[in-house]
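Keep the structure open beside you as you read.

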Amino acid sequence: MRKRHALAALAAAGAIAAITAGPAQATEYSSALKVKGVQYDAPGADSNRCSGGNTKNEYLTIKNYSRTATVDLKGYVVKDATGNKFTFTASHRLEPGDHVNLRGGRGADSDAGNVVYRQNCNFIWNNDKDTIYLLKPTGAKADVHSYTKRANDADGNGYIAYHG
């Protein structure tokens, strides 16, 4: 009888260890829109000048992962850990499987070109670490990702892919 109890206790301890030692999973939010990837470190030397700078080369890709629903970005907010933010004030509809690149700098937004500019020449993402928040118009979280250059950018190219 003691053997069975000892074996049961050992099995239970192993199950608990397996559960607690498993990899940490990111919270999955119920949203069709998700961050597909971020070019957090624009290639070249950082220059936030509006003329000749490279803030346009820093971008966030947002994708509609729904198979059937079209999503309007109007009212969605993108922000970082310190509160720098961009609000989609104009209607920008993403068909199922479609994406948009939210770029720094100034430029003309284009549905056909899948691009929206922040109309701000300052960088939003830190080159060492940051947190990306994609918020629904209600303020609820649609997607959140934290990164560090050391842990998440193995090839050092300044780009991190999420959600494939």
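Let's start with Leu60: setting aside neighbours within four places in sequence, this residue is in contact with Val35, Gly37, Val38, Val78, Val100, Asn101, Leu102, Trp125 and Ile132. One thing to keep in mind is that this is a predicted model.

Leu60 also turns up in the largest nonpolar core, which has 24 residues; Leu60, Phe88 and Trp125 are the ones with the most contacts inside that core. The largest share, three residues, comes from S1.

**Around S2**

How many of the six residues of S2 are buried? Five of them are, so S2 is mostly covered, with buried meaning under 20% relative accessible area. S2 has pairings with both S1 and S7. With S1, S2 runs antiparallel and is joined by six bridges; there, Lys34 has Lys63 in S2 as its bridge partner. With S7, the pairing is again in the antiparallel sense, over five bridges, and Tyr59 stands opposite Arg103 in S7.

Val35 is found in strand S1. Is Val35 buried or exposed? With a relative accessible area of 0%, Val35 is buried. Not counting residues up to four places away in sequence, Val35 touches Leu60, Thr61, Ile132, Leu134, Asp143, His145, Tyr162 and His163.

Tyr162 is on that list, and its place is in the segment after strand S11 (159-161). Why does Tyr162 count as buried? Its relative accessibility is 10%, and buried means under 20%, so Tyr162 qualifies. Leaving out residues up to four places away in sequence, Tyr162 touches Val35, Lys36, Gly37, Val38, Tyr65, Ile132, His145, Ser146 and Tyr147.

| Pair | Separation in sequence | C-alpha to C-alpha |
|---|---|---|
| Val35 and Thr61 | 26 residues | 5.9 Å |
| Val35 and Tyr162 | 127 residues | 6.5 Å |

**The four-stranded sheet**

Now for a sheet that includes S9 and S10. It is an open sheet of four strands in the order S5-S4-S9-S10, with antiparallel pairing. Which strands are at the edges? They are strand S5 (85-87) and strand S10 (141-148), each of which pairs on one side only. On average, neighbouring strands of this sheet are turned by 10 degrees against each other, direction ignored.

Inside this sheet, strand S4 (residues 77-79) and strand S9 (residues 129-135) pair in the antiparallel sense over three bridges. Val77 stands opposite Leu135 in S9.

**The whole chain**

Zooming out, the secondary structure comes to two helices and 11 strands. From the N terminus on, the elements run α-β-β-β-β-β-β-β-β-β-β-α-β. Of the 164 residues, 35% count as buried. The accessible surface comes to about 9,500 Å², and 52% of that belongs to carbon and sulfur atoms.

What about contacts across the sequence? Taking contacts between residues at least 6 apart in sequence, 57% join residues at least 24 apart.

Terms used:
Residues numbered from 1 in each chain as written. Predicted model: local features only at pLDDT ≥ 70, side-chain atom pairs only at ≥ 80, totals over all residues. Heavy atoms only, no water. Pairing = 2+ DSSP bridges. Axes fitted to C-alpha atoms, helices over the stretch in contact; angles between N-to-C directions. Buried < 20%, exposed > 50% of the residue type's maximum accessible area, 1.4 Å probe, protein only. Contact = heavy atoms within 4.5 Å. Areas by Shrake-Rupley, 256 points an atom, 1.4 Å probe, with all protein chains shown as cover. Core = buried A, V, L, I, M, F, W, Y, C linked by side-chain atoms within 4.5 Å.
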